[in-house]
Amino acid sequence: MNGNRLPYANYLSLPLLALLTLVLLFGSSHLFKGWSYDLTDNRIHTLSDGTLKIVQSIRKPVTLELYYSDTAARDLPQFRVYSRRVRELLESISEKSKGKVIFRQINPEPYSEAEDAAAASGLQGVPIGNSGENLYFGLVGTSGTGKKALMPFIDPGKEAFLEYDLAKLLSSLNKDKPPVLAVLSSLLTGPSVNALTGQQSLGWVIDRKLAESYEIRRLQPDAGAIDGDVDVLMLIHPKNIPEPTLYAIDQYVLRGGHLLVFVDPDAESDSTSVVSTDGAPATSSSDLGPMFKAWGLEYDPRMVVLDSQNALQVGEANEVPQYHLEVLGLSKDYFNNKDVVTADLEKLNFSSAGSISATEQSPLKLEALVQSSTSSQLVDARLVKAAENSPESLRKNFKPSGEAYVLAARFTGKLNSAFAEKSAPDQIMKSVKPAQIIIVTDSDLLADRMWVVEQNILGSPVFDDIANNGDFVINLVDNLAGDPNLISLRTRTVSSRPFERIEKIQRSAELRYHDKQNQLQSDLDNVNRQVTDIQGNDSANIAVLTAVQKAEVAKYQKQKTEIRNELRQVQRQLNKDIVNLIGRLKLINILLMPGLVVLIAFAAGFRRMLQRRAMAQV
């Protein structure tokens, strides 16, 4: 009897096992809903502490509506994958908010009311193909008070900034009034009236842009206190600041205020520059001397950074453009791509910038935002001022130090008062919380001439950006003025993982290439200058001069050939290193890992065989 029942039990076990599997599969979605564990590198699917604090601080309900054209993106796998990433992050934010953030996803089909609502909200529709369909992929946030904030188009190429942008949007919706930006400036950056002509000036473009989002509070040079409701204090070319004002700045920073400083060793926009007693042109420099010293920061207001790698050609319409080593056009290769204020910029223009660093004893942590190339040199600001109309004099004596200088940096940490000996009533002696300070060693980058071109269209001025200076400054203020938790947020690791060693080899070779190219240009300038000097000194001996000139050119051509050969060697070595590295990676992927799996399987099988033999002997 028992033997007859066993087959039926075996037949029933398979259907029961299948039924149990289905129950677990469908039931797990409810039983384990909200359960997750992030095993990715840098935990990119886990909300950072800063974002969580912002979400938990929301007072009134916020609605987030994600408009995503699912039909239009059906043949765009990049958007389909990234849309899931965005949706999952928004769902996580909604879940962590405990009902304070309401999330909805809307598919704006063509010619639908949802598409009309997306367009009316200010979202950007991107045409797809020739069908006339628009791809909408944006976010509309609405607070309980009716305040709105937008992400007009969510670019997959900016995945590293996704969490920061979402946290910034939530933080803005959680505020009832615009943040306060206090400005103390030695330059006329804001609206003014010419005392002689009575003509009004609207001020610099950057000042007008900041006024669109901030309550700008202009401080007098002798301000004795900084109000507690100031979100960001911006110092522009702080020249000859009296001690009471320096003390007020010190106390503001120690209270936890956010400080943005634009110092300058040679502010070309400073109209108050005068001639020194010895008759030489005087530089117009600015500094926060006693405070920088107390903070352990090294900045010499007498020295300007020259950079042959990033020098811009400058000249009037009727002049031959010349490279000015002190006027720099910096590309994204010289920006911090891990900081949200610089990672998305393409170009910044600086003029007569200085250098800043922190000593080993400084309590502040330095994080460089913008740097020069290694083909740079520090020179006296007076020489730069004197060479304003003769830039070739700077090129003639230029000697690269091989060091990259920090032009803009973020500083964080706890500070002691720079006026410890003052002992004033209610004086704060130590930071209440870590200081947040950003220092830029150039004030001219704010001036219109450095980043915008004005055009007159139908009687109205229109400004076209030629550099990202405006974006840079607005990013700095936004980052400091936002929720304190935003400042701690940095770019997150994106889904794609590049071959960092290959990129490092390429960057190293390209750096060597650029250094050689720069040396070649320097040699060419020297030869041209020597020929010009000889011709100018003695024009009678034309045959001799021609022979000298030919000799100089032949010497240069020989040197040029040698350097080109060396560059070809560098390129060949670069390709060889990359090929060898890729070969090793392929060997690991194709042979090593499968080999390990086979080896483990063989070991497990051999062990099982030994166990069976042992059981058979028993």
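1. For the terms: strands are DSSP runs of E with at least two residues, helices are runs of H or I with at least four, and both are numbered from the N terminus; strands pair if DSSP finds at least two bridges between them.

2. A word on provenance. This is a predicted model, where local features need pLDDT of at least 70 and side-chain atom pairs count only at pLDDT 80 or more, while totals for chains, interfaces and linings use all residues. Residues are numbered from 1 along each chain as its sequence is written, and side-chain values use heavy atoms, with hydrogens and water left out.

3. Back in the sheet, strand 15 (residues 322-331) and strand 16 run antiparallel and are joined by five bridges. One to click on: Gly-329 has Asn-349 in strand 16 as its bridge partner.

4. Now the hairpin. Strand 4 (residues 133-143) pairs with strand 5 in the antiparallel sense over four bridges, and Gly-141 stands opposite Ala-149 in strand 5. Four residues lie between the strands, and Gly-146 takes a positive phi near 95°.

5. The second largest pocket holds about 1,300 Å³ of space. Of its 39 lining residues, Tyr-164, Asp-165, Lys-168, Asn-475 and Asp-478 are the closest to the centre. Helix 5 gives the most to this lining, with seven residues. On a 1 Å grid over the protein atoms alone, a pocket is an open set of points with protein on both sides within 12 Å along at least five of seven lines, a cavity is a set where a 1.4 Å probe fits but cannot get out, and lining residues have an atom within 4 Å of a point. Points are joined across faces, edges and corners, and a volume is the space filled by probe spheres set on them.

6. Last, the cavities: there are four of 30 Å³ or more. The largest cavity has about 50 Å³ of space, and its lining includes Trp-204, Asp-207 and Met-234. Helix 6 gives the most to that lining, with three residues.
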